[in-house]
Amino acid sequence: MYEYELHQIRSAELRRQAADERLAREAVRSRRAARREQARQAAEGEVHTERPRRHLFARAS
């Protein structure tokens, strides 16, 4: 009976550890996604004017 109880305790401990690791991976993924979204929004906000860019050289015909 003692061995069975030790097995149950160890099994519960492993389940908790796996759940904690899943939660940590999910947190990393969500932080990464938030950084990507913030970078995307910052890139969209960098446009200063609505006029098209002027080319430095005239087109060769």
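Visitor: Is Arg40 buried, partly exposed or exposed?
Guide: We're looking at a predicted model, where local features need pLDDT of at least 70, side-chain atom pairs count only at pLDDT 80 or more, and totals for chains, interfaces and linings use all residues. Residues are numbered from 1 along each chain as its sequence is written, and side-chain values use heavy atoms, with hydrogens and water left out. Buried means under 20% relative accessible area, exposed means over 50%, and partly exposed is in between (1.4 Å probe, protein chains only). Arg40 comes in at 40% relative accessibility, so the label is partly exposed.

Visitor: Which residue does Arg40 form a salt bridge with?
Guide: Side chains of opposite charge can pair when their charged atoms come close. The salt bridge rule asks for a side-chain nitrogen of Lys or Arg within 4 Å of a carboxyl oxygen of Asp or Glu. For Arg40 the closest N and O atoms are 2.5 Å apart, and both partners sit in helix 1, three residues apart, about one turn of the helix. The partner is Glu37.

Visitor: How far apart are the closest N and O atoms of Glu13 and Arg10?
Guide: These two are three residues apart in helix 1, which means about one helical turn separates Glu13 and Arg10. Glu13 is partly exposed at 38%, and Arg10 is partly exposed at 43%. They form a salt bridge, with the closest N and O atoms at 3.3 Å.

Visitor: How many salt bridges does the rule give?
Guide: One is Arg40 with Glu37, and another is Glu13 with Arg10. By the rule, the count is two.

Visitor: Which residues form the positive surface patch?
Guide: Patch residues have over 30% relative accessible area and no salt bridge; like charges are joined within 9 Å, and nonpolar side chains (Val, Leu, Ile, Met, Phe, Trp, Tyr) within 5 Å. Lys and Arg count as positive, Asp and Glu as negative, while His and the chain ends aren't counted; a charge is placed at NZ of Lys, CZ of Arg, CG of Asp or CD of Glu. One member, Arg25, is partly exposed at 43%. The patch is Arg22, Arg25, Arg29, Arg31, Arg32, Arg35 and Arg36.

Visitor: Which residues make the nonpolar surface patch?
Guide: Areas come from the Shrake-Rupley method with a 1.4 Å probe, and for residues only the protein chains shown count as cover. The patch covers about 350 Å², and Ile9, one of its residues, is exposed at 53%.

Terms used
Helix = DSSP H or I, 4+ residues; strand = E, 2+ residues; numbered from the N terminus.
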